[in-house]
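Thanks for coming. Please have the sequence and the structure open.

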Amino acid sequence: MVGHVTREDVLAMDASDPLSACRERFHIPDGLIYLDGNSLGPLPKRTVKHLQMVVTDHWGESLIGSWNDHDWMTLPARIGAEIALLLGAGADEVIACDSTSINIYKLVHAALAARADRSTLLVEAAGFPTDRYLVESVCEQAGGQSVRTTERSKIIDRMDESTALIVLTHVDYRTGHMLDMTEVNAAARSVGALVLWDLSHSAGAVPLDLGDCGADLAVGCGYKYLNGGPGAPAFLYVRKELQNSLQTPLPGWFGHAQPFAFEQNYVPAAGIDRFLCGTPPILAMTALESGVETFQCVELPALFAKSRALCELYIGLMEQRCSKFGFALASPREAWQRGSQVSFAHEHSYAICQALIERGVVGDFRAPDILRMGFAPLYTRYIDVWDAVETLHDVMQTTLWQEERFQTRKAVT
């Protein structure tokens, strides 16, 4: 950000924000500045009424008939089609199901089986830990292929003709560093490898075009920017041309070509439906459906432009007001290399974060020293960014963070 910014400048930005009305779609407690939507999105107001209707009218009155009368059977595909709009994917390439971890397991297993003639799988050395746990577990169970790790900056250099699959997070969960999907996908294709992207910190926050960028496989969670609620179902993406050539390692009855034929032999459904497993959790799916609907009638270019503007404002104000307190920018400075979050490193980030939360500014801490703020453009205001930085300035100036109650680590950081 160039030049000195005033509070009046920031209020003017909110006044001209084309997305300002979207904030009314959410329940955000009075007096709270919520900058942790990249961990858990806030409650959409529609979710409460929608869940109540499904519980009392559908489940309560229609009971088992709701699978037909209220079309519960197609919820995974319907929600998947809505998510696909945010991913730049086809409606028949995305399905909502299971958790991110289970979806990673399914797609890693399927991809390695499809590239069984290749000996290695490539994964980030310091990506989100679950992704690596699952990759290593699949390789141990399947045998025949080994895991190689590498830094994000060296991904392309480490690919070769022995690589079966590359598993990557698009936006790094700590720093917000964002990889160039088109470049990585093209490099993988040149050596005949597949790429599985984790979009948990991307979907609903940054521009994605899985179709045009040549993506093969992707997963993502429903409880961050998609506002689906704690532990919401996840989603998976499989490029249409690959769908019928991949076999899920979890062949549940909902992935069968004819679930209610109750055949003893498994015959996979055609297309994306084959990646379903067990019965969908309808209440959780209902909440996710409401979360995804918070994006209705939103112009995505405006959404992503606001994401960048919020991040730029935060960086500028932090350097304008808090640089003397020892904060170091840990996120990329260039917007095109950064997701919708900004991280600053500080030796005492945990205690500082706890002091901020007590003062009504909710961000989060990531080990070992990251103070991370997420900027969800549907409901975050520019004035929230201003007030968050002013609160941080006060926390540092008064040394509030040094008080004993902020030093002990909680179970969730």
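**Pockets, backbone and surface**

Helix H5 gives three residues to the lining of the second largest pocket, the largest share from any element. Before I go on, note that this is a predicted model.

Staying with that pocket, its volume is about 350 Å³. It is lined by 23 residues, and those closest to its centre are Phe-128, Ser-200, His-201, Tyr-223 and Lys-224. Which elements give two or more residues to this lining? They are helix H5, residues 100–114, and helix H6, residues 129–142. By residue class, the lining of the second largest pocket has nine nonpolar, nine polar and five charged residues.

Now the largest pocket. Its volume is about 520 Å³. Here 27 residues form the lining, with Met-178, Leu-179, Asp-180, Met-181 and Trp-336 closest to the centre. The largest share is that of H8, with four residues. The lining of the largest pocket divides into 14 nonpolar, seven polar and six charged residues.

On to the backbone. As background, most residues other than glycine have a negative phi, and most peptide bonds are trans.

Start at the peptide bond from Ala-367 to Pro-368. Is this bond cis or trans? It is cis, with omega near 5°. Pro-368 sits in the loop that runs between strand S14, residues 364–366, and strand S15, residues 370–374.

You will find Asn-227 in the loop between strand S9, at 217–220, and strand S10, at 234–238. Is Asn-227 buried or exposed? Asn-227 counts as buried, because its relative accessibility is 1% and the cut-off for buried is under 20%.

Thr-399 is in the segment after helix H13, which covers 382–397. With a relative accessibility of 37%, Thr-399 counts as partly exposed, because that class lies between the 20% and 50% cut-offs.

Last, the surface. Which residues make the nonpolar surface patch of about 500 Å²? They are Val-55, Trp-59, Leu-63, Ile-64 and Leu-283. Leu-283 belongs to helix H10, residues 282–292. At 35% relative accessibility, Leu-283 counts as partly exposed.

One more residue, Met-73. Its position is the loop between helix H3, at 66–69, and helix H4, at 75–87. Met-73 has a relative accessible area of 27% and is therefore partly exposed. How many residues separate Met-73 from Pro-280 in sequence? The two are 207 residues apart along the chain, while their C-alpha atoms are 8.2 Å apart in space.

How values were computed: Residues numbered from 1 in each chain as written. Predicted model: local features only at pLDDT ≥ 70, side-chain atom pairs only at ≥ 80, totals over all residues. Heavy atoms only, no water. Buried < 20%, exposed > 50% of the residue type's maximum accessible area, 1.4 Å probe, protein only. 1 Å grid on protein atoms, 1.4 Å probe; cavity = no way out; pocket = protein on both sides within 12 Å on 5 of 7 lines; lining within 4 Å. Points joined across faces, edges and corners; volume = space filled by probe spheres on them. Nonpolar A, V, L, I, M, F, W, Y, C, P; charged D, E, K, R; others polar. Patch = residues over 30% accessible without salt bridge, like charges linked within 9 Å, V, L, I, M, F, W, Y side chains within 5 Å. Areas by Shrake-Rupley, 256 points an atom, 1.4 Å probe, with all protein chains shown as cover. Salt bridge = Lys/Arg side-chain N within 4 Å of Asp/Glu carboxyl O.
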